[in-house]
Each structure stands twice: as structure tokens, then as C-alpha cells.
Amino acid sequence: MLFAIMATDAPDSLQARITARPAHIERLQALQNAGRLVLAGPHPAIESPDPGAAGFTGSLIVAEFASQTEAQEWADADPYVAAGVYAQVLIKPFKRAFPA
């Protein structure tokens, strides 16, 4: 089943995000290589694809997991969690409607 992993960044976490990004991307690449990643990306703090020093307010990942428990375990092991980038992570089942 698909799950949406919705994370909110901690205040002033941009440098930690930059430092942990390679390991975070590596895990997303593994999901993509396994055919389980639907989409992933950050929420810029301003209306810009490159927000610079304004940074980001969080991230969204939609991916396939066997259960919500598995999705939670995967999210808990994210390098952004370990680095203190994410202040909160919410996981919900997701039903893809469009595009079909």
C-alpha cells in the first residue's frame, strides 16, 4: 500500500539538512530502484525552486510499504531524523487517484 510521509522541519535546521542530504537521497534512491517511490521532495520556505538561505519547511514522500509499521520504521531511520532536521513526521495511508 502507498503511504504519505509528511515531515515538518525544525527551526534553523537548514545546515543539518544540507549535511545529511546525501544519505537521505541515497535511501530515496534505493526506494526508487526497488520501484516503490511515487514522489519525494522538500517544501521550500518561499515561492522558489531554490530558496537559498530561506531553506525548507518540510518534506513529502509517497512510497509503497507493506504496512504502516514498515513505513514508520523506514521514516524513523531517515538521516534527517537522526540529524534533527525533522521536528515532526506524520505517516498516513495514501490512495493514488490521479494520474491514473
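**Close-up 1. Ala7 and what it touches.** Setting aside neighbours within four places in sequence, Ala7 is in contact (heavy atoms within 4.5 Å) with Thr57, Gly58, Ser59, Tyr86, Gln88 and Val89. Ala7 sits in strand 1; strands here are DSSP E runs of at least two residues, helices are H or I runs of at least four, and both are numbered from the N terminus. Ala7 and Ser59 are 52 residues apart in sequence, yet 5.1 Å apart in space, C-alpha to C-alpha. Ala7 counts as buried because its relative accessibility is 8%, and the cut-off for buried is under 20% relative accessible area (1.4 Å probe, protein chains only).

This is a predicted model: local features need pLDDT of at least 70, side-chain atom pairs count only at pLDDT 80 or more, and totals for chains, interfaces and linings use all residues. Residues are numbered from 1 along each chain as its sequence is written, and side-chain values use heavy atoms, with hydrogens and water left out.

**Close-up 2. His24 and its partner Asp78.** His24 belongs to helix 1 (residues 14–33) and, at 5% relative accessibility, counts as buried. Its side chain makes a 3.0 Å polar contact with that of Asp78; such a contact pairs N or O atoms within 3.5 Å, one able to donate a hydrogen and the other to accept it, and residues adjacent in sequence count only if both atoms are side-chain atoms. Not counting residues up to four places away, His24 also touches Ile61, Pro79, Tyr80 and Tyr86.

**Close-up 3. The largest nonpolar core.** Eleven residues make up this core, including Phe3, Leu28, Leu31, Ile61 and Trp74. Helix 2 (68–76) gives the largest share, three residues. A nonpolar core is a set of buried Ala, Val, Leu, Ile, Met, Phe, Trp, Tyr and Cys residues joined through side-chain atoms within 4.5 Å.

Note on methods:
Buried < 20%, exposed > 50% of the residue type's maximum accessible area, 1.4 Å probe, protein only.
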